Amino acid sequence: MGASLPQKEANLFKLIVKSYETKQYKKGLKAADSILKKFPEHGETLSMKGLTLNCMDRKSEAYELVRLGLKNDLKSHVCWHVYGLLYRSDREYREAIKCYRNALRIDPDNIEILRDLSLLQAQMRDLTGFVETRQQLLTLKPNHRMNWIGFAVSQHLNTNPSKAIDILEAYEGTLEDDYPPENERCEHGEMLLYKISLMEECGFLERALEELYKKEPKILDKLDYKEQEVSLLVKLGRLEEGAKLYRLLLSMNPDNYSYYEGLQKCAGLYRADGQYSSDEIVQLISLYGSLAEQFAWSSAVKRIPLDFLQGDKLREAAINYIRPLLTKGVPSLFSDLSPLYDHPGKADILEQLFLELEHSIGANKGYPGREEKEPPSTLMWTLFLLAQHYDRRGQFDVALSKIDEAIRHTPTVIDLYLVKSRILKHAGDLAAAAALADEARCMDLADRYINSECVKRMLQADQVSLAEKTAVLFTKDGDQHNNLHDMQCMWYELASGESYFRQGDLGRALKKFLAVEKHYADITEDQFDFHSYCLRKMTLRAYVEMLKFQDRLHSYPYFHKAAAGAIRCYLKLFDSPAKSATEEDDEMSKLLPSQKKKLRQKQRKAEARAKKEAEVKIEESSSTSVSKSGKKPVKPVDPDPHGEKLLQVEDPLSEATKYLKLLQRNSPNSLETHILSFEVNMRKRKTLLAFQAVKQLLRLDAESPDTHRCLLRFFHEVSSMAAPATDSEKLIWTVLEAERPEISQLHEKSLLEANESFLDKHKDSLMHRAAAAEMLYLLEPSNKFKAVTLIEDSSNNLVQRNGVLGPVGEWKLKDCIAVHKLLSSVVVDLDAASRWKVCCAEYFPYSTYFEGSRSSAVSNSSYNKISSNPENGVNNPAGGISLDSLAPNGKLEAFKDLSI
């Protein structure tokens, strides 16, 4: 570095490098300028000056200087290395790798460049190159522990764990017998556990167990040691020893569910599906009976038996589990019990048990068969539990009566209002649910969770402005949206995006969905710093797990929702493109002069209002956001706050395809992925790709209404296409003709016959009947009356239950809303849609969408000014409530007369 410079300038060059490493950028710039006065074309100095400027956010100057430096000295590894660092800072990893490789051609043994290259290869998952670079580093510096570990990890990641074991054993062979010293024992123990986990992964179980026993004194983490030992013992079939060790682990942590599961496996009493024979249940009762005596204070040992017990034994165990928690007042009790509702018959047993408890506590102030009196709060928590139970079973009238009784009993418990809000949401009254959630929020203004629940309800009710004002009560002062974005508050952005989408504001919806996608990109980038940190600190097992997590990062639900939301926005944008400026001018020219004047005045007022709001926000942020040093932090201004530029895409379908490919790669088993693929490719006229999506839907769920729609729509579209002219079109037709007989739903049937067959098979299901009606109307528009009749003849079959309150209807509110939209916008029969609305208003009396008799949309409610919304029952984004009513002190005048 700086070799071609005289001694004085060479020292200055070293000072530039040192200043860069210690982040003293001004000092480094001064030294660089001193050299460039005498040697203005010195390539390495120009490059280092550019790198320093890059750290000072002067990127354009930085790139210009680095490229000039490289041009002046193409054969300098420093210039190429600096160019790579510049690209790396901008996340252009592939370009950075090219620069590093060019640097290594000039100086193949440069340790720093090799180390930087290996980090990028790990980040980009260039595993073959990662192995080669790590091997080269080890060859150059074999006395460095990190190089041995890095080479072993690279082999493991490159699916060669046995080679990784050999490398780690070779490294151990270089150590002294008394290694490690006291200050390195933890890191060395982690390395040993990593090596043993590699042996387990390779199937060398006996060898792994022998190594574990041999190295026990050197492993400090005794809990991980025991967990690794028991895992090996179980895999080796030494179940008695495994059972003893699991009991030892339970004595250390008797509430760890995985230890109980392991103990069951050792006893041969574990079933993944939870289905046990009567003999196995007897053995499990005996096992958990002995464990309950040993760990009487454990909650898990009492809760787990509820999963496998039946009948009277379940009832006895449940009452023993529930009673102490009701007395104590545990709000999460129902969440703990909710998995039992998926087991046939258990919900009925719990219902009878809850009702008996309520009756006994209400009448005798104590539990059945007990003389001790319970505190008054026990009745309230029992009613709280019952309300959630009936909500889960869809009996909203009873649920609301129970929660109202609990509120009358103790009106100061916040959880009661939150649960009532949730019940109203499920019943379809989203505006009232938001009001109840806000009432709960006002009761404890310091509780962030309650604030978040309130915001979620407001967004579900499409009260976006009110939700924003509520959400920022818990953010830092300054730019509210940036704070929520910086905190990666994805649930808020998703709910907000879905609300904007429902209201038809595609620009803001897209902005919110793409913000979530950016968070995932940031999470992917965040792993970069761990590639060197984890090797240095020897957290090897956690590091490998983190890399595996990153590889499946985009398969998580939040990303799926964001990508699907963005695709839906682009599809809607393609179907109804945004108007260009010329089109708007044309429309203006058609208006009368008086109408033009009014419209312009309206536009000017809206612009002035938006400008004023922006100025107020800037003033607030500038007055409050002053750092300790007295300087105001410079915050980036969002150039497109309403997402208008996002709508100006030339090809919405190509943008949708980017996110579709991510979904196809990471969520291949989701029906929604392939439904979106079908919609995109049908619009792009990609016939074979659309057919591929149909085949995937048939593979996942051939009986789904959506699969049926896509299948018939596809072949109907194909049949209406012109005769194939080109060779590629003829080939596509040949493929479809060969594939159609293979589809059982269409085998030797016309599309109408296939539709009839589908209807016969699923005639008792509302959504299947609606799909069949929609396809009938598509195939034969003249059969509109028959299609409508198919839907109107659907019956809301009652689901028989053993509960005290009898059966409940099968229809779901969201399905009925979907059918109403089908009648009004697809079949376009407004009379039928009106009749359907009246019918559903009886089944869902709390639904604002159907204007049910008990909903907040009717005239006798405090919300009678709220008009119905296409999705959620609110047209006004604030739900008819003034934004000024949101007071931080909790006085919410708009809801003072609320009665539900």
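**Note on the predicted model**

1. Leu 223 lies in helix α13 (residues 222-235), helices being DSSP runs of H or I with at least four residues, numbered from the N terminus. This is a predicted model, in which local features need pLDDT of at least 70 and side-chain atom pairs count only at pLDDT 80 or more, while totals for chains, interfaces and linings use all residues. Residues are numbered from 1 along each chain as its sequence is written, and side-chain values use heavy atoms, with hydrogens and water left out.

2. With a relative accessibility of 35%, Leu 223 counts as partly exposed, since buried means under 20% relative accessible area, exposed over 50%, and partly exposed in between (1.4 Å probe, protein chains only).

3. Helix α36 (residues 652-666) has 15 residues, which at 1.5 Å a residue should span 21 Å, and this agrees with the 22 Å between its end C-alpha atoms; the expected span is 1.5 Å times one less than the number of residues. Among the buried residues of α36 are Pro 652, Ala 656, Tyr 659 and Leu 663. The buried residues of this helix pack against α30 (506-526), α32 (540-551), α33 (557-575) and α37 (671-683), where contact means heavy atoms within 4.5 Å.

4. Asp 57, in the loop between α3 (43-55) and α4 (59-72), has a phi near 60 degrees, a positive value in a residue other than glycine. Asp 57 is exposed, at 66% relative accessible area.

5. Asp 462, in the loop between α26 (448-460) and α27 (464-471), also has a positive phi, of about 60 degrees, although it is not a glycine. Asp 462, however, counts as buried, at 0% relative accessibility.

Note on methods
Helices (H or I, at least four residues) and strands (E, at least two) are DSSP runs, numbered from the N terminus.
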